[in-house]
Amino acid sequence: MASSVVSEKEGPRDPRAPEEMAAEDDVKQGNAVATEFRESITEALSPRQTLPGFADPRIERASGVELPSWFVDRCRRAYLSVAFDAAAECRVLGVTSTAYGEGKTAVAIGIATAMAIDTKKPTLLVECDFAAPSLHKFLGLDQGRGLSEWLDGDSRLRVVRGAALVPNVFMIPAGTPQSEPARFFYQLVDREVMLGLRETFANVVMDLPPTLNISYGSLAFGLADRLLIVARSGVTLTDDLERSIKSIGKKRVNGIVLNGTDERTPAWLRPLL
Amino acid sequence: MARYAEVLFRHRIRFTSLFLIPVALAAGIAVGLASYRATASLSVADPSSFGATFVPVGWSANATPAQNVADAAALVVKTPAFSQALSDGLSSSSPSLGSANVQQAVTSIGSNLKIGVSGSHLVTLSYTCHTAAVCVQVLSATVTALHQQLIQSERNQAEATTAFWTAQLQDSQTNLTSAQADLQKFAAANRGMTVDSTSTDSRVVLLLDRVKQWQAKVVEARDNLSLAQYTSSASARLMEIGTSVVTAPELATTSLAGDGSSAKFAALVLALGLALGLAYLVALTWVDKTARDPRALEHRLGVPVVATIPKLVSSRGF
């Protein structure tokens with residue numbers, strides 16, 4: 001799947017209210033940010049036509065992410081196993097893990113791809129791992145700016161659009177690594193960005209930070225309707241997985257995706273064991 | 001079980017090695033340390049079969065001929081004379097053995113030679129060693145040496161018995177001569193006194209009793225000496241003629257693993273090796289605390305494993 005940046009817009013208006021502004025103004029400002037977010041996405045979904053023979057200067061070319069079809073199919077199994085509210089217009093699925101290197105970003109990409117293919121509806125993959133972003137590596141992009149910079153009001157919103165087979169997949173990288181990731185989750189919650197996302201996309205996949213050793217889990221994991229934990233077979237300790245589930249809450253975790261399995265037992269023998 | 005199988009197949013090279021090492025070791029032990037057993041049997045005749053009624057020297061009247069010869073043989077094999085005879089016999093009959101093998105055979109004969117009885121007239125000999133051909137050669141030499149030494153033993157005992165009774169006879173005759181001389185001296189000193197069995201004189205009676213006593217001793221010693229000489233010669237002859245080889249030394253088994261004693265040890269080594277391998281498997285499985293088995297995860301965590309994704313190899317590192 002080749003991906004490319006198809007839309008960028010002027011950054012949101014400074015969401016920070018002057019100190020002397022009243023609380024009501026803050027709410028209005030928050031709503032304005034959500035509105036601007038929707039406008040940014042709308043533009044990304046409907047790019048302006050470029051004159052024939054001229055390259056669109058706004059398009060940031062990126063090398064593709066190649067996920068095998070079987071990988072996407074396994075990710076499809078994962079999201080189809082999660083029961084969403086049938087009446088919900090938007091499904092928000094969070095993907096996390098116990099620690100780094102367990103494949104949560106790859107699984108999140110796979111799930112977003114599968115959802116986009118299956119539903120034919122706009123699907124967004126949001127990278128919320130502000131401390132150690134890695135989505136840009138998968139997309140072959142420079143790290144550059146991303147959601148954190150946009151939330152800080154330092155830059156425009158960067159939306160990367162999937163092309164070719166899944167043009168309805170949109171991805172928002174987290175941006176440069178941040179030393180205080182908690183504040184971005186607070187802003188995501190406080191400024192009702194999720195509201196804008198829900199109104200715009202049918203499916204939202206959130207690449208959340210690993211569960212262990214973070215203090216802002218309640219903020220981060222509360223953004224998604226459903227949660228999946230990715231564990232790497234032969235690497236993730238079962239005790240860590242248990243601690244993660246305990247810290248999130250067993251009811252909040254809808255399933256485990258066991259990644260990187262490498263079963264050596266012959267297939268004919270497995271049913272006998 | 002699935003976990004153990006997974007660990008087993010994951011480390012299949014290691015476990016194949018762990019399996020093959022004890023198997024190879026056991027096979028090596030079974031063949032390399034194989035011991036062979038050569039057997040032979042001797043028939044021992046009863047003196048009565050020759051019409052004689054004597055009890056051979058050193059034999060117990062309550063034991064069977066086979067038991068008597070087996071007991072005698074058990075004593076003989078421990079003597080230096082037997083070792084020398086065996087060494088000489090092996091050196092002359094099997095020069096290809098070499099002095100080292102001969103010396104080893106002579107040294108180990110006490111522990112590797114088993115003497116038993118079968119029935120009342122059959123003595124069985126078995127010799128165990130690590131080379132089939134050597135076993136037969138050593139047992140052949142042993143049978144010959146044993147036969148010779150048993151005869152020699154009978155002769156030695158006969159000589160000792162004869163010497164004993166000869167000495168007893170000489171003593172008795174000396175004492176008889178002395179007693180007779182004392183009686184004659186008394187008669188010469190007391191002329192006119194009746195010096196015979198009708199005498200009532202206490203001194204005469206005492207002297208006469210002494211003479212009679214030694215006369216009886218002389219007769220007894222002479223009789224015993226005669227009997228000993230007869231028994232001794234008869235015993236040696238009985239051993240010489242009445243002991244014959246019924247079954248010549250031959251290998252009890254010709255299989256690659258010999259008599260099977262090394263196979264038992266090999267089986268023990270194999271079982272121990274496999275047990276160690278099994279223990280290693282259990283330890284590896286127990287030490288591995290990572291998430292691998294979806295069913296085990298669901299059972300422990302109470303959260304469903306909604307998908308398993310095989311290892312993805314990508315240039316992008318995920």
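What follows is a chat about a predicted model with a chain A and a chain B.

Trainee: How many residues are in contact between chain A and chain B?

Mentor: In this predicted model, 46 residues of chain A are in contact with 29 residues of chain B.

Trainee: And how much area do the two bury between them?

Mentor: Chain A and chain B bury about 3,400 Å² between them, and 62% of that area is on carbon and sulfur atoms. As background, the accessible area lost when parts come together is often used to give the size of an interface.

Trainee: How many salt bridges does the rule find across the interface?

Mentor: The rule finds three salt bridges across the interface of chain A and chain B. One salt bridge is formed by the side chains of B:Arg300 and A:Asp239, with an N to O distance of 2.4 Å.

Trainee: Which elements of chain A give two or more residues to the side that touches chain B?

Mentor: On chain A, they are the helices H2 (69-80), H3 (104-119), H4 (135-139) and H9 (238-248), together with the strands E8 (226-232) and E9 (253-261). E9(A) gives the most to that side, with nine residues. Sorted by class, the side of chain A that touches chain B has 22 nonpolar, 14 polar and ten charged residues.

Trainee: Back to E9(A), which strand of chain B does E9(A) pair with, and is the sense parallel or antiparallel?

Mentor: E9(A) pairs with strand E5 of chain B, residues 305-310, in the parallel sense and over five bridges. Within this pairing, A:Leu258 stands opposite B:Thr308 in E5(B).

Trainee: New topic: is B:Thr162 buried or exposed?

Mentor: B:Thr162 counts as buried because its relative accessibility is 18%, which is under the cut-off of 20%. The place of B:Thr162 is in helix H6 of chain B, residues 132-189.

Trainee: What is B:Thr162 in contact with, leaving aside its neighbours within four places in sequence?

Mentor: With those neighbours left aside, B:Thr162 is in contact with B:Leu225, B:Ala228, B:Gln229 and B:Ser232.

Trainee: Where does A:Lys120 lie?

Mentor: A:Lys120 lies in the loop between H3 and strand E4 (123-127) of chain A, and A:Lys120 counts as exposed because its relative accessibility is 67%, over the cut-off of 50%.

Definitions and conventions: Residues numbered from 1 in each chain as written. Chains lettered and ligands numbered in written order. Predicted model: local features only at pLDDT ≥ 70, side-chain atom pairs only at ≥ 80, totals over all residues. Heavy atoms only, no water. Contact = heavy atoms within 4.5 Å. Buried area = accessible area lost by both parts, 1.4 Å probe. Salt bridge = Lys/Arg side-chain N within 4 Å of Asp/Glu carboxyl O. Helix = DSSP H or I, 4+ residues; strand = E, 2+ residues; numbered from the N terminus. Nonpolar A, V, L, I, M, F, W, Y, C, P; charged D, E, K, R; others polar. Pairing = 2+ DSSP bridges. Buried < 20%, exposed > 50% of the residue type's maximum accessible area, 1.4 Å probe, protein only.
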